[in-house]
Amino acid sequence: LISIVIGLPLPLLALQILWINLVTETIPATTLSMEPSEQDTMHKPPRGIKEPILNKKDVKWIMFISLIITLGTLFVYYNALTSSGWNWNNFDTNEMPQFYLYAVTMAFNTLVLFQIFNIFNCKSQNLSIFTRDLVNNKWLLGGIVLSLALQSAVIYIPLMNNIFHTVPLSALDWASSALVASSIIWVSEIVKLKSKIHVNKESA
């Protein structure tokens, strides 16, 4: 929607969105249900019977995380477009030139990596991921590896390139996508730290 409003060509194609929702997001999210419970679970009060599944705090958090993912993906997409020679006047959506396919692949891959990095945020709503055992859920790790393998197939297998309108990416492309996508962890850690400090002040 933002791309359309500001006049950019679409950063994701329909089949790519389906792939993200059905494969690279669903597999790790499903294995997250195998996550061991936190040690202080029994010290937390029960949820109120009138409290919705998603309270105001949850909705604000989802909107905040979504904004970070959106801006990060659009940043990578726009940078890939402009670095490939695109400008506002030389693009025909019917032709899908190589530089457009490259930019779309970068946006597609970055969004997938954002989802994978965000899985680690979801291991705990309040605790830092650095206080959690990152390898205690073998199902989750297996799901992430499988998702990355499937994503690599979409990017590097010629038949999948034709189906999903993707092009092979270099190691540098992967690194730049991963660097931007990892920002979701650092932003989340800052928010969790500020929340913990606020709680400690109220307790004091």
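Q: Which helices each supply at least two residues of the nonpolar patch?
A: Those are α2 (14–24) and α7 (158–164). Keep in mind that this is a predicted model.

Q: Which one gives the largest share?
A: That's α2, with three residues of the patch.

Q: OK, and which residues form the patch on the surface?
A: Leu15, Leu18, Leu22, Ile157, Leu159 and Ile163. Together they have about 560 Å² of accessible area.

Q: Where is Ile157 found?
A: Ile157 sits in the loop between α6 (138–156) and α7.

Q: Why does Ile157 count as partly exposed?
A: Its relative accessible area is 40%.

Q: Switching topic. How many helices and strands does the protein have?
A: Nine helices and zero strands. Reading from the N terminus, the elements go α-α-α-α-α-α-α-α-α.

Q: What about α5, how many of its residues are buried?
A: 21 of the 24 residues of α5 are buried, so the helix is largely enclosed by the rest of the structure.

Q: And how far apart are the end C-alpha atoms of α5?
A: They are 35 Å apart. At 1.5 Å a residue, the 24 residues of α5 (residues 98–121) should span 34 Å, so the two values agree.

Q: What share of the whole protein counts as buried?
A: 39% of its 204 residues.

Q: And how much accessible surface does the protein have?
A: About 12400 Å², with 68% of that belonging to carbon and sulfur atoms.

Q: What share of the contacts with a separation of 6 or more comes from residues 24 or more positions apart?
A: Such pairs account for 77% of those contacts.

Q: Let's look at a loop. Where does Asn137 lie?
A: Asn137 is in the loop between α5 and α6.

Q: Is Asn137 buried or exposed?
A: Asn137 is buried, because its relative accessible area is 2% and the cut-off for buried is under 20%.

Q: What lies 3.2 Å from a polar atom of the Asn137 side chain?
A: The backbone oxygen of Thr31.

Q: Which residues is Asn137 in contact with, leaving aside neighbours within four places in sequence?
A: Thr31 again, along with Leu32, Met34, Glu35, Pro36 and Lys123.

Technical notes. Residues are numbered from 1 along each chain as its sequence is written. This is a predicted model: local features need pLDDT of at least 70, side-chain atom pairs count only at pLDDT 80 or more; totals for chains, interfaces and linings use all residues. Side-chain values use heavy atoms; hydrogens and water are left out. Patches are made of residues with over 30% relative accessible area and no salt bridge: like charges are joined within 9 Å, nonpolar side chains (Val, Leu, Ile, Met, Phe, Trp, Tyr) within 5 Å. Accessible areas come from the Shrake-Rupley method with a 1.4 Å probe; for residues, only the protein chains shown count as cover. A salt bridge is a side-chain nitrogen of Lys or Arg within 4 Å of a carboxyl oxygen of Asp or Glu. Helices (H or I, at least four residues) and strands (E, at least two) are DSSP runs, numbered from the N terminus. Buried means under 20% relative accessible area, exposed over 50%, partly exposed in between (1.4 Å probe, protein chains only). The expected span of a helix is 1.5 Å times one less than its number of residues. Contact means heavy atoms within 4.5 Å. A polar contact is a pair of N or O atoms within 3.5 Å; within protein, one must be able to donate a hydrogen and the other to accept it, and residues adjacent in sequence count only if both atoms are side-chain atoms.
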